[in-house]
Amino acid sequence: MAHPTQLGFQDAASPVMEELLHFHDHALMIVFLISTLVLYIIIAMVSTKLTNKYILDSQEIEIVWTVLPAVILVLIALPSLRILYLMDEINDPHLTIKAMGHQWYWSYEYTDYEDLGFDSYMIPTQDLTPGQFRLLETDHRMVVPMESPIRILVSAEDVLHSWAVPSLGVKMDAVPGRLNQTAFIASRPGVFYGQCSEICGANHSFMPIVVEAVPLEHFENWSSLMLEDA
């Protein structure tokens, strides 16, 4: 998860997020190169009195500063479109979970099981145990098997919400009366935190999301226990 003074993104926990991090670094290097070139030109123009009549009026340089930005935009657009299509790709999910946004908590329904669902509320500060994170922990985590394609169906019962887990590269709006879907693969075991990313009312900042990725065997044990309790 994020930590104080962090400058970059959270560590990637899914293949899509890894691609997003690579694209971020790619675009940032282009921005650095452009910024350095522009700064050099500004300093050179301010600090020197020398002029060159061929640069002041040159057809060739005008072609260069028209074509070069177009090439740079293509270098940014192509990998961006590739990742955009990768994020929309949902192939044969192993598990489908419906996430419903409420004011102000999330409810999860494992649609592949007959009766497996629960509400997920934030744990109040006074009830936290040592090691738990304030405003991020929930009483029931969304448990998923690692290295398996997971499809998330996202909707809301009252107002707009947004189901987002940054380290998994997932962010999907929850719209009342509309069923949106997204997918992810947790590439490693761990606990990943997110929050509602749509301003949804007074307690908007108190409806966190906790996704726990575990090995398949542990997930089967957890689902069996949940079904027994139900």
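Select Met142 and you'll find Val211 of S10 standing opposite. This is a predicted model, where local features need pLDDT of at least 70, side-chain atom pairs count only at pLDDT 80 or more, and totals for chains, interfaces and linings use all residues. Residues are numbered from 1 along each chain as its sequence is written, and side-chain values use heavy atoms, leaving out hydrogens and water.

Now show S4 with strand S10 (residues 208-214): they pair in the parallel sense over four bridges. Strands are DSSP runs of E, at least two residues, and helices are runs of H or I, at least four, numbered from the N terminus; pairing takes at least two DSSP bridges.

**Stop two: a five-stranded sheet**

Colour S3-S2-S1-S5-S8, which is the strand order of an open sheet with mixed pairing. Its edge strands, S3 (117-120) and S8 (180-185), each pair on one side only. Zoom in on strand S5 (residues 149-156), which runs antiparallel to S8 over six bridges; here Pro149 stands opposite Ile185.

**Last stop: Val38**

Finish in helix H1 (residues 15-47), where Val38 sits.
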